[in-house]
Amino acid sequence: MCWVYKDNKQMVSRTESMPQTPTFAAMFNSSGYSRHLYSSREENCGGLFYHDNNLVSGSLEALIQHLVPTADYYPDRTYIFTFLLSSRLFIRPYELLAKVCLMCVEQQRLNEAILDKAKIRKFAPKIVQLLAEWTETFPYDFRDERMMRNLKDMTHKIATLDELHRKTMHQMTQNLIRKLATLNQYEEVLSKLNASVTDRLTVLKTKPQSIQKDIVAICSDPYTLAQQLTHIELERLSHIGPEEFVQAFAHKDPLDNNKTCFNNLKKTSNLEAYVEWFNRLSYLVATEICMPVKKKHRARVIEYFIDVARECFNIGNFNSLMAIISGMNMSPVSRLKKTWAKIKTAKFDILEHQMDPSSNFYNYRTALRGAAQRSVTAHSNREKIVIPFCSLLIKDIYFLNEGCANRLLNGHVNFEKFWELAKQVSEFMTWKQVECPFERDRKILQYLLTAPVFSEDTLYLASYESESPENHIEKERWKMLRSTLLTRD
């Protein structure tokens, strides 16, 4: 197959109606971004490179030009999402928006005294649509005041030129402001939650264990707990912006004095907060198991969490499932041999098999594909739930980011890698938009989010207090932990 260098002019598909914008689930059905499937046109800024009719690379300028609408052209939604997601590895979002706006002004001659009104009427809805796509899918970009300034300047210019779009632009801006306000409120809630969490040992020292609540007392039904965990997962997922997966692994661009594109941006940390939630749930599980003094009570808690994990699997909540398994596999828990001896572990063995890391988590990936397929054909929100194992998703996206961030030898941006990354992130975008169908239980949610948990050292101490150390190393550690933890004020 020969490579075709794209710099010749092609006929444009002319349409005056607004392009359809399919859902994320429908966006990435093809294997690549095809020039036959989507409108293509002349590229005057270095050209675009195609292979087997799929766009595989291009200079940054050419790719930006491909994003810019005209009176007769509008980029497909797949291209918009793909480019807005990954271009930030090479150009800051506010710089990209400024370039797009400038190109629009120059190409449509919007600053001239006499305007081609017929042409403007065809162009205006397309630039409005592009700005709507951007503010809808990447609203967090607009936390940057420079983005808001560019947006306001362009919306003002369009509203002045075409009165019909004034109301649409106003509504778009109001929706964006609401989204950013919701994000601020969410971040404040997380900040307060983190500030209120204390170490369980501190609580135990001031409050007798006999009047301490535990998870089974708060929620005796494993299925109900799995539902409430799903509430937390979906809420936290819903606030993660697609760009966070890219910005988390920002590289320095050698063609831009080794600067990253996020030095001056207000950081959004929803992805990090989600990882912290996974860690908290793992430690909460381990704490609940290690806390009871009696062996039969510890065994009951382990069996309870095995049932919760199984219900999470059935729901499609793989993140909580893995957090629970991780908690039960922590050394302070796994060493409780006398406790585990009282448990029929067949159900736990099945769950561990499903989440077995061997062969790159083959069993889990198979189960995830099954849940994703069920979600596509689902008739209810209950069947649409797909909550991936977050750490593995981040790892997968990290390796895709590596390919995106490296320019080709000719200085081109690797759009083929952009496409692969966008396909993965778009699937996540579909999953995060599902509304939780289960009834909220505030008491259970409050406990899951705020109940004090043991630190790693305190877990070991509780474990040794429950089942005595078995060797010299454990005995020495037990002695050290008792002297440091139990004698503190």
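Q: Hi! Which way do β2 and β3 run, and how many bridges join them?
A: Strands β2 (residues 48-51) and β3 run antiparallel, joined by 4 bridges. Strands here are DSSP runs of E with at least two residues, helices are runs of H or I with at least four, and both are numbered from the N terminus. Two strands count as paired if DSSP finds at least two bridges between them. This is a predicted model, where local features need pLDDT of at least 70 and side-chain atom pairs count only at pLDDT 80 or more, while totals for chains, interfaces and linings use all residues. Residues are numbered from 1 along each chain as its sequence is written, and side-chain values use heavy atoms, with hydrogens and water left out.

Q: Thanks! Which residue in β3 is the bridge partner of L48?
A: L48 has G58 in β3 as its bridge partner. The two strands form a hairpin with 2 residues between them, and D52 in the turn has a positive phi of about 50 degrees.

Q: And what is the sense of the pairing between β3 and β4?
A: Antiparallel, over 2 bridges, with β4 covering residues 413-414. In that pairing, S57 has N414 in β4 as its bridge partner.

Q: How many residues of β3 are buried?
A: For β3 (residues 54-58), 5 of its 5 residues are buried. Buried means under 20% relative accessible area, exposed means over 50%, and partly exposed is in between, using a 1.4 Å probe and protein chains only.

Q: Changing topic: where is S87, in terms of α3 and α4?
A: S87 sits in the loop between α3 (77-86) and α4 (93-107).

Q: Is that serine buried or exposed?
A: S87 is buried, with a relative accessible area of 1%. Leaving aside neighbours within four places in sequence, S87 is in contact with L96 and F418, where contact means heavy atoms within 4.5 Å. The C-alpha atoms of S87 and L60 are separated by 8.2 Å, though these residues are 27 apart along the chain.

Q: Nice. Which residues touch the most other members of the largest nonpolar core?
A: L225, F305 and M328, out of 144 residues in that core. Helix α12 (residues 270-290) gives the most to this core, with 11 residues. A nonpolar core is a set of buried Ala, Val, Leu, Ile, Met, Phe, Trp, Tyr and Cys residues joined through side-chain atoms within 4.5 Å.

Q: What does F305 touch?
A: Not counting residues up to four places away in sequence, F305 touches I215, L225, V285, E288, I289, I324 and M328.
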